Amino acid sequence: MMISFNKQLIKTELEIKKMQAAGSLNDRVLREVKALIKPGVATRDLDAAAEEIIRDHGGIPTFKGYPGPYPYPATLTISINEEMVHGIPSGRTLTEGDIVSVDCGTTLDGYIGDSAFTTGVGEIDEEKQRLIEVTRESLFKGIEQMRPGKHIGDVGAAIQAHVEGAGYHVPQQYTGHGVGREMHEPPQVPNFGVPGQGMALREGMTIAIEPMVLVGTSRTQVLSDQWTVISADKSLTAHYEHTVAVTANGPLILTRYRED
Ligand code: MG
Ligand code: MG
């Protein structure tokens with residue numbers, strides 16, 4: 001029992017290299033999608049571009065067909081303004097002043113990279129810019145804790161302290177997660193926690209850290225499409241994510257584009 005549990009949780013160096021290749025391609029997709037974001041673009045066109053890049057490089061869009069209320073129908077999740085995560089690409093077009101969160105998963109050679117960012121459409125005001133910055137910073141506060149001997153509670157506590165210190169909220173129900181051959185592996189990594197509590201982190205663990213931040217509430221609801229998660233008060237939200245390996249030398253971000 002213990003052996004199979006560890007097998008999923010702890011990756012070999014070779015497995016981490018494969019995840020790095022998947023993560024690099026995933027980041028490339030996000031960078032190219034980000035460059036296409038502007039007023040008037042339909043979210044389904046961003047999705048089509050993402051799928052093409054992934055398939056051109058021999059990858060598989062991890063989200064497409066992902067089990068849920070019904071199989072997830074797209075390559076990206078694109079969540080606009082009060083939509084926090086899991087927004088389904090459609091004919092809806094982006095509007096100047098929107099903030100848009102894009103999440104992507106890429107499977108390459110059997111291993112997965114999972115990452116996300118939020119950005120403004122055209123010009124955005126200072127409040128929106130601040131929300132995006134705080135969310136991005138909180139991701140790196142969490143990543144900084146990803147060291148052998150630290151605990152999952154240290155990661156969540158670091159994210160929570162940064163977000164709540166800025167006057168924002170983290171959700172209760174949506175968390176980061178282990179990732180590798182499967183998109184969601186143990187452990188769950190909440191965006192809140194108590195330092196020193198929860199599972200101890202060990203070398204070879206690979207985890208998607210993903211702070212989701214809401215301006216007005218920690219409560220969320222799911223729209224009638226059964227996927228899109230919004231803030232319960234319809235206040236703005238943002239989301240950043242990286243897949244990170246715990247190594248003896250500290251956290252290694254796997255979802256960064258690497259030339260070669
Ligand atoms: Mg993701
Ligand atoms: Mg994720």
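Reply: Let us begin with a definition: a residue counts as buried when its relative accessible area is under 20%. Please bear in mind that this model is predicted.

Me: Is Asp-103 buried or exposed?

Reply: With a relative accessible area of 7%, Asp-103 is buried, because that value falls under 20%. Glu-241 is buried as well, at 1% relative accessibility.

Me: Which residues coordinate the magnesium ion (ligand 1)?

Reply: To read a metal site, one lists the donor atoms and their distances. The magnesium ion (ligand 1) is coordinated by Asp-103 through two OD entries, by Asp-114 (OD) and by Glu-241 (OE), at 2.0 to 2.4 Å. Along the sequence, these donor residues follow the spacing D-x10-D-x126-E. Asp-103 belongs to strand S4 (residues 99-108), while Glu-241 sits in the loop between strand S12 (237-239) and strand S13 (242-247), so the pair ties together parts 138 residues apart in sequence.

Me: Which residue bridges the magnesium ion (ligand 1) and the magnesium ion (ligand 2)?

Reply: Asp-114 bridges the two ions, which lie 3.1 Å apart.

Me: How are helix H2 and helix H3 arranged?

Reply: One considers the axes and their angle. The axes of H2 (residues 13-36) and H3 (residues 43-56) come within 9 Å and cross at roughly 150 degrees. The helices are therefore roughly antiparallel, since angles over 145 degrees count as such. Their crossing is right-handed.

Me: Which residues make this contact?

Reply: Among them are Leu-25, Val-29 and Glu-32 of H2, and Leu-46, Ala-49 and Ile-53 of H3. By class, the contact has nine nonpolar, no polar and one charged residues.

Technical notes: Residues are numbered from 1 along each chain as its sequence is written. Chains are lettered from A and ligands numbered from 1 in the order in which they are written. This is a predicted model: local features need pLDDT of at least 70, side-chain atom pairs count only at pLDDT 80 or more; totals for chains, interfaces and linings use all residues. Side-chain values use heavy atoms; hydrogens and water are left out. Donors are N, O and S atoms within 2.8 Å of the metal (3.2 Å for Na, K and Ca); water is not among the atoms, so sites may look incomplete. Helices (H or I, at least four residues) and strands (E, at least two) are DSSP runs, numbered from the N terminus. Buried means under 20% relative accessible area, exposed over 50%, partly exposed in between (1.4 Å probe, protein chains only). Axes are lines fitted to C-alpha atoms, for helices over the stretch in contact, and angles run from 0 to 180 degrees between N-to-C directions. Angles under 35 degrees count as roughly parallel, over 145 as roughly antiparallel, 65 to 115 as roughly perpendicular and the rest as oblique. A crossing is left-handed if the near helix is turned anticlockwise from the far one by less than a right angle, and right-handed if clockwise. Contact means heavy atoms within 4.5 Å. Ala, Val, Leu, Ile, Met, Phe, Trp, Tyr, Cys and Pro count as nonpolar, Asp, Glu, Lys and Arg as charged, and the others, Gly among them, as polar.
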